[in-house]
Number of protein chains: 2
Amino acid sequence: MKQKQPATVGACARRSTGPKPQHSREKIAQAAVELADREGIGAVSIRGVAAEIGSGAASLYRYVDSVEELVDLMIDQVSSGYELNGLDGSASEQLLALARQGRNIMHRHPWVAPLLLAKRALGPHTLAYLERGLAALQFTALTGAAKLQTIAMLTAITSAFVQNEQGEPAGDGDGKGAAALIWALGTGKYPLLAESLAQGPASVDQDQVFATLVTTYLRGAGLD
Amino acid sequence: MKQKQPATVGACARRSTGPKPQHSREKIAQAAVELADREGIGAVSIRGVAAEIGSGAASLYRYVDSVEELVDLMIDQVSSGYELNGLDGSASEQLLALARQGRNIMHRHPWVAPLLLAKRALGPHTLAYLERGLAALQFTALTGAAKLQTIAMLTAITSAFVQNEQGEPAGDGDGKGAAALIWALGTGKYPLLAESLAQGPASVDQDQVFATLVTTYLRGAGLD
DNA sequence: CTTAATTGCGAACGATGATCGCAATTAAGT
DNA sequence: ACTTAATTGCGATCATCGTTCGCAATTAAG
């Protein structure tokens, strides 16, 4: 049972004997993020990241327990992009600012949105983001569980919104889904869908739509 | 280039020669859903479903192009559980009823929520659901794109909400994430998180919370 | 200098998605 | 009835993936 590198970066003095590690969890996560940005999340595998790092595949397991953990590290790495200081205003204003940052991050890293919807990573940066969100809710009447749910729903809404922005009608984007959609429309069984699609995309600036969406949700959650 | 069985079930008279297929896309999707319900989505693989069907693994490719398509079929199969007739009331009342049905479906099939967030399947049942949602929005002032986005966000919100219900704090549920969380709390760097978790779970009936959430969102989207 | 811990990693295992080719089956054409 | 062509089921196989094992190499402590 080894300790790996602890989940949090805290300076744990070298423990004892043996060669120093040639890599670090942070560098690995960074490389994995770059790889995903460049070639898509599908390129992120143990062997792929190992090649990116310039090491053998099995070596990665000295730093990471599983691929799942690798992905968690990637999410946390990306979450380090939040600027948590200098937010002011009301609770909903602060949360809107956080959500906007999240949306920007997901725009820079298109693979994040689906992952963030599917799993909850608990790295230090993610936790810091969560803590900051809770701070924004500090002086509200919400219970603890309600606060947590509010933030969870907020990031979920953000992810879903970004995912809507990214791939419009079809699922993947290779045209297969689109072809099926076209065919389905040809059957005439979905007239309203055809009509809705006939009008072009909304084209109005999504920033405004997003802000309205978030603000509305927060108001519904009981915030000013 | 074969035709497989067409995406929609329409009675396409047997095309020409050869033995009749021993299975059908519907039965396969059904079996896959049962398998996922029983042993989790992780058990759904080509070989797994083939075994469930009682056929060789390669045979499945006579009915399905890829695993992705299999999953799409599963989602559509599950979407056949919607009762789309007999909805009445205002636009938001109808959509709330649809969302409630969606939530129930996701409760019966816990693996659906994550999938529905990650991808958009376009099977006949899913399209029918979408068409029904558009019908609810028929006499509103929304543009076509806005209608589509409203429904997409509605199902996303539903999925996210159910996912919140299902796995509380940690990501997976094997205790690994929970352990990491416990440890992180011990550092004292996340006092607000600790405080929020200290109070027990909300325990109030989630039905009410869900209804409020959906209604609020719809009101924000410009509906009555 | 010995000892023990630790790293990097090639080799291997099991499982997966997917393809290929072939035998078996069935209907149409004559 | 016989041929022909299409179609099915599927064993065998390949590439790839996540993961484990064992060993040589490296380094610090005693």
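**View 1. The interface between chain A and chain B.** In this predicted model, 59 residues of chain A are in contact with 59 residues of chain B. About 4,600 Å² is buried between the two chains, with carbon and sulfur atoms giving 62% of that area. On the side of chain A, the residues that lose the most area to chain B are A:Arg120, A:Glu131 and A:Leu192, which together account for 13% of what that side buries.

**View 2. Helix α10 of chain A crosses helix α10 of chain B.** The axes of the two helices, each spanning residues 206-220 of its chain, come within 9 Å and cross at roughly 140°. Because angles over 145 degrees would count as roughly antiparallel, this angle makes α10(A) oblique to α10(B). The crossing of α10(A) and α10(B) is right-handed. From α10(A), the contact is made by A:Leu213, A:Thr216, A:Tyr217 and A:Gly220, and from α10(B) by B:Leu213, B:Thr216, B:Tyr217 and B:Gly220. By class, the residues of this contact divide into four nonpolar, four polar and no charged.

**View 3. Helix α7 of chain A packs against helix α9 of chain B.** Helix α7(A), residues 144-166, and helix α9(B), residues 191-198, pack at an angle of about 120°, with their axes 7 Å apart. The two helices are therefore oblique to each other. In α7(A), A:Gly144, A:Ala145, A:Lys147 and A:Leu148 meet B:Leu193, B:Ser196 and B:Leu197 in α9(B). The contact of α7(A) with α9(B) comprises four nonpolar, two polar and one charged residues.

**View 4. Within chain B, helix α4 packs against helix α10.** Helix α4(B), residues 91-108, and α10(B) pack at an angle of about 135°, and their axes are 10 Å apart. That angle makes α4(B) oblique to α10(B). The crossing of α4(B) and α10(B) is right-handed. The contact is made on α4(B) by B:Ser92, B:Leu95, B:Leu96, B:Ala99, B:Arg100 and B:Arg103, and on α10(B) by B:Gln206, B:Asp207, B:Phe210, B:Ala211, B:Val214, B:Thr215 and B:Leu218. By class, the contact of α4(B) with α10(B) has seven nonpolar, three polar and three charged residues.

How values were computed:
Residues numbered from 1 in each chain as written. Chains lettered and ligands numbered in written order. Predicted model: local features only at pLDDT ≥ 70, side-chain atom pairs only at ≥ 80, totals over all residues. Heavy atoms only, no water. Axes fitted to C-alpha atoms, helices over the stretch in contact; angles between N-to-C directions. Helix = DSSP H or I, 4+ residues; strand = E, 2+ residues; numbered from the N terminus. Parallel < 35°, antiparallel > 145°, perpendicular 65-115°, else oblique. Left-handed = near helix turned anticlockwise from the far one by under 90°. Contact = heavy atoms within 4.5 Å. Nonpolar A, V, L, I, M, F, W, Y, C, P; charged D, E, K, R; others polar. Buried area = accessible area lost by both parts, 1.4 Å probe.
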